[in-house]
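Reader: I would like to go through this model residue by residue. Please show the sequence and the structure.

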Amino acid sequence: MEIIAWCIMTNHVHLVFRSVKGQHPALLLGDFKRFTSKAVVKAIQNNPRESRKEFLLEQFKKAAEKSSNVDSHQFWRHDNKPIALWSNKVIQEKVSYIHNNPVEAGLVSKPQDYLYSSATDYAGGKGLLDHIIVFQYFG
């Protein structure tokens with residue numbers, strides 16, 4: 001998986017990615033969700049400063065009990081809203097949309113000021129994640 005753009009909001013995540021080894025995008029997304037859910041649960045469990053630890057873990061356990069394919073903690077919803085990006089213009093539109101999400105939510109005035117997105121990478125800086133593939137639009 002190569003990550004083109006990302007943005008973590010308070011109640012959802014945007015991700016633009018592509019498969020580099022021919023894997024179906026749904027499989028990559030499933031792997032991503034499994035890996036990140038385990039990492040988030042572990043981070044909550046191991047953080048002595050997390051004041052909502054018991055509440056969060058209990059909510060994840062309750063959600064898992066309602067699921068047929070999750071053993072202990074359900075972090076992600078099962079549904080996704082994937083959109084196939086079929087042209088450079090559409091990719092650029094979606095990258096711009098997700099980077100402007102925090103601006104529209106009133107969290108920052110400029111996309112690159114939001115810490116939890118790839119907007120800083122697109123503004124020429126270095127964001128939180130390594131190896132972001134900055135999409136070049138020549139349209």
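Reader: Which residues does Asp 121 touch, not counting residues up to four places away in sequence?

Author: This is a predicted model, where local features need pLDDT of at least 70, side-chain atom pairs count only at pLDDT 80 or more, and totals for chains, interfaces and linings use all residues. Residues are numbered from 1 along each chain as its sequence is written, and side-chain values use heavy atoms, with hydrogens and water left out. Contact means heavy atoms within 4.5 Å. By that rule Asp 121 touches Lys 126, Gly 127, Leu 129, Ile 132 and Val 134.

Reader: Which helix holds Asp 121?

Author: Helices are DSSP runs of H or I with at least four residues, strands are runs of E with at least two, and both are numbered from the N terminus. Asp 121 falls within residues 119–122, which is helix α4.

Reader: Asp 121 has no salt bridge; which side chain of opposite charge is nearest, and how far away is it?

Author: A salt bridge is a side-chain nitrogen of Lys or Arg within 4 Å of a carboxyl oxygen of Asp or Glu. Lys and Arg count as positive, Asp and Glu as negative, while His and the chain ends are not counted. Asp 121 is buried (under 20% relative accessible area; exposed is over 50%, partly exposed in between, with a 1.4 Å probe and protein chains only). The nearest side chain of opposite charge is Lys 126, at 5.1 Å.

Reader: Which backbone nitrogen does the side chain of Asp 121 reach?

Author: The distance is 3.0 Å. The backbone nitrogen belongs to Gly 127.

Reader: How many aromatic pairs are there?

Author: A pair of aromatic rings is described by the distance of the centres and the angle of the planes. Rings of Phe, Tyr and Trp (its six-membered ring) pair if their centres lie within 6.5 Å; planes under 30 degrees apart count as stacked, over 60 as edge-to-face and the rest as tilted. The count of aromatic pairs is 4.

Reader: Why is the pair of Phe 32 and Trp 76 classed as it is?

Author: The ring centres of Phe 32 and Trp 76 are 6.3 Å apart and the planes meet at 40 degrees, so the pair is tilted. The pair links distant parts of the chain, with Phe 32 in helix α1 (residues 25–46) and Trp 76 in the loop between α2 (53–65) and α3 (88–104), 44 residues apart. Phe 32 is partly exposed at 22%, and Trp 76 is partly exposed at 21%. The class of the pair is tilted.

Reader: What class do the rings of Tyr 114 and Tyr 116 fall into?

Author: Tyr 114 is buried at 11% relative accessibility, whereas Tyr 116 is partly exposed at 42%. Their ring centres lie 6.1 Å apart with planes at 75 degrees, so the pair is edge-to-face.

Reader: Which residues form one aromatic cluster?

Author: Phe 32 and Trp 76 are both members.

Reader: Where is Leu 115, and which residues does it touch, not counting residues up to four places away in sequence?

Author: Leu 115 lies in the loop between α3 and α4. Its relative accessibility is 48%, so Leu 115 counts as partly exposed. The residues that Leu 115 touches are Trp 6 and Leu 128.

Reader: What is the phi of His 131?

Author: His 131 lies in the segment after α4 and is exposed at 72% relative accessibility. Although His 131 is not a glycine, its phi is positive, at about 65 degrees.

Notes: A polar contact is a pair of N or O atoms within 3.5 Å; within protein, one must be able to donate a hydrogen and the other to accept it, and residues adjacent in sequence count only if both atoms are side-chain atoms.
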